[in-house]
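Okay, thanks for coming, everyone. Let me put the next one up on the screen.

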Amino acid sequence: MPTQFPEFFAAAPRITLYDPLAAFLGSAADGLIEYRYSDAVRLAGHSCPTVAAAWLMTLHGLRALYGEATPERGQITARLRETRDSGTTGVTASIVQLVTGAAAETGFHGIGPKRRFSRYQLLQFAAQNQTAALSLTRRDTEQTVHLDLDTSCVPWPAEMQTLMPRAVSGQASPAEHQRFAELWQERVRQMLIEHAEDARLIHVSTA
C-alpha cells in the first residue's frame, strides 16, 4: 500500500541535480535525479521543522551556488558548525547528504585508481572557524555559500504550549495526540509552502 503522506509534501519545492556517478553507471537517464521532500521524510523517518529547514537550506544553498544551472551532485563540500552528536545536527546532515551526495568518512571512495566520483570526506562536522549553521562549497569553482536558520517567523501556535508536554510525556488522549500531530505538520507546511522563499527563515550569505 502506498505511503499516505500529508498532501502538502507534494507541493514542497523539489531539487533536481546532475549526478555524474548515476550517469556513469546508468542509474538515471542523463544522470538527472529529482529529489522531493518526501524523499527526505523517508530517509529521516519523520517530518519535522528540522527536516524542513535542512531541505530549505540545501535548496537555497544550491540556488546561490549554481543559479539557473543544474547543480552537480558529488561536487559539493558541506560543512556544519556543530559536532555530529549535537542536538539535531545528525538529522540535518543526513538530508544534506541525501541531496548533495557529500558524505563523511563512510562515503563512497570512488572508482578506479583516480577515485572518480568519490564522495568521501565531503561532509564535515564542527568545521573550523564556522559561524554559519551550514556552508556549501562548489569543488570546481570553490565558491561558498553560508546558510543560517531562524524559525521565529513561523512560531508554534499557543495551543501547543499545553498539547506538546502532554504528547511528549505520553499523557495525551487520542484526540489530543491527533491535534498535536496536525499542528506539528501545519508548522512544517508553513515553512515549506508559505515561507519557502522567506529570507527571514533561511539566511543566505556568500560573504
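I'll go through the overall fold and then look at one helix.

First, the caveats: this is a predicted model, where local features need pLDDT of at least 70, side-chain atom pairs count only at pLDDT 80 or more, and totals for chains, interfaces and linings use all residues. Residues are numbered from 1 along each chain as its sequence is written, and side-chain values use heavy atoms, with hydrogens and water left out.

So, what's in the protein? There are six helices and seven strands, taken as DSSP runs (H or I, at least four residues, for helices; E, at least two, for strands) and numbered from the N terminus. Along the sequence, that reads β-α-β-α-α-β-α-β-β-β-α-α-β.

Now the overall dimensions. The C-alpha atoms fill a box of roughly 60 × 45 × 30 Å along the principal axes.

Inside, 43% of the 207 residues are buried, meaning under 20% relative accessible area with a 1.4 Å probe, protein chains only.

On to helix 6, residues 174–194. Its 21 residues should span 30 Å at 1.5 Å a residue, and the end C-alpha atoms are 29 Å apart, so that agrees; the expected span uses one less than the number of residues. Which residues are buried in helix 6? Among them are Phe 180, Leu 183, Val 188 and Met 191. Their cover includes helix 2 (37–44), helix 3 (49–66) and helix 5 (160–168), by contact, that is, heavy atoms within 4.5 Å.

Note on methods. Buried means under 20% relative accessible area, exposed over 50%, partly exposed in between (1.4 Å probe, protein chains only).
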